[in-house]
Amino acid sequence: MSDVSDVRSPADLLRRRVAADPSRPFVTFYDDRTGERVELSARTFDNWVAKTANLLVDGLGAQPGTRVVLALPPHWQTAVWLLACWSAGLVARPLDPAEVRGRGGDLAGLVGAGPAGEPYLLAAAEEVLPDVLDDPDAEEVVGLSLHALGGPLADAPAGITDYAVEVRSYGDRFTPPPGVTPDTPALSVTKATFTGAQLVDEARAHAAKWGLDAQDRVLVDMPYTTPLGVQAGLLAPLTSGASVIIQRNFDKASLDRRVTLEHVTAVAGLSGWNDASGSVHRLA
């Protein structure tokens, strides 16, 4: 892929990827519990990002700086939501769904205080919707079924926006609102906040460190709840031209076959395969 030194935001990275190589697979997703496999080209992924960003801005009234809490597992739709938030100048706060269970809707200890106690938007997997319905700080709650075929929620509680139903009516082109710049806060994880420009700088550094290029296929078994997970599972492959394979409910028995079938060249988050730092490990 050509030099990206003039690109300063994650949304810029995605636009560059679509312009350079729209048809080649960018994200492949496996759920070993359901047997699901989904593959998205850069163009298809970008369309989902645009639709989701339009839903956030036009449908839910998000403005630059709005916090969006993502109680979502490793999934291609989680990656879409991250890029949609960054495209619209929103601050994404990924959470492990397991962390919100049993909290009675009180996520304050996980999310942290926002500007002047402002509420946030909450996107939650269907499996944890009962645990977040009573969150007093969530201005809007969006439920994601995460079904392989894009099906709606099995049982949508009153007041919940069903992502699979609503997102389809929004356009697949998105124009950022005024005020969104590379220096807009974009990601809040592990008590740190990163701007879009910082995320891109980190992506370049990690891609160079890991030696990623457009020929690579990176198999990742990591959540998006840490800076390293965001880089290995999304941004470093995006900036380098590589493609990423995201796993959920990973079955170790499928590893060797998956590595062969998907032409995997590097892995991250797999027990026994990583270096001491837990970063991307290249296969021989």
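My entries below go from helices to core to a pair of loop residues.

**Entry 1: the model.** I reminded myself that this is a predicted model.

**Entry 2: helix α9.** I started with α9, residues 227–240, and found a bend of about 40° at G233. A proline, P237, comes within four residues after that bend. Among the buried ones are G233 itself, L234, L235 and P237.

**Entry 3: helix α2.** Next I looked at α2, residues 42–59, and compared its length with expectation. Its 18 residues should span 26 Å at 1.5 Å a residue, and I read 24 Å between the end C-alpha atoms, so the two agree. Buried residues here include F45, W48, V49 and L56. A glycine with positive phi follows this helix too: G61, near 75°.

**Entry 4: the core.** Which residues have the most contacts inside the largest nonpolar core? I got F45, L56, W86 and L234, in a core of 86 residues. Helix α3 (residues 76–87) supplies the largest share of this core, with 9 residues. I also found another core apart from it, made of 8 residues, including L219, L255, V259 and L270.

Setting aside neighbours within four places in sequence, F45 touches L14, F26, V27, L40, W76, A79, V80, L83 and L234.

**Entry 5: α3 against α9.** How do α3 and α9 pack? I read an angle of about 80° and axes 11 Å apart. Angles of 65 to 115 degrees count as roughly perpendicular, so α3 is roughly perpendicular to α9. From α3, the contact uses A79, L82, L83 and W86; from α9, it uses V230, L234 and L235.

**Entry 6: two positive phi values.** L146 has a phi near 60° and sits in the loop between β6 (138–144) and β7 (161–162). T190 has a phi near 45° and sits in the loop between β8 (185–189) and β9 (192–195).

Are they buried or exposed? L146 has a relative accessible area of 8%, which is under 20%, so I logged L146 as buried. T190 comes out at 47%, so I logged T190 as partly exposed.

Notes. Residues numbered from 1 in each chain as written. Predicted model: local features only at pLDDT ≥ 70, side-chain atom pairs only at ≥ 80, totals over all residues. Heavy atoms only, no water. Bend = angle between axes of the 7 residues up to and from the residue. Buried < 20%, exposed > 50% of the residue type's maximum accessible area, 1.4 Å probe, protein only. Core = buried A, V, L, I, M, F, W, Y, C linked by side-chain atoms within 4.5 Å. Contact = heavy atoms within 4.5 Å. Expected span 1.5 Å × (residues − 1). Axes fitted to C-alpha atoms, helices over the stretch in contact; angles between N-to-C directions. Parallel < 35°, antiparallel > 145°, perpendicular 65-115°, else oblique.
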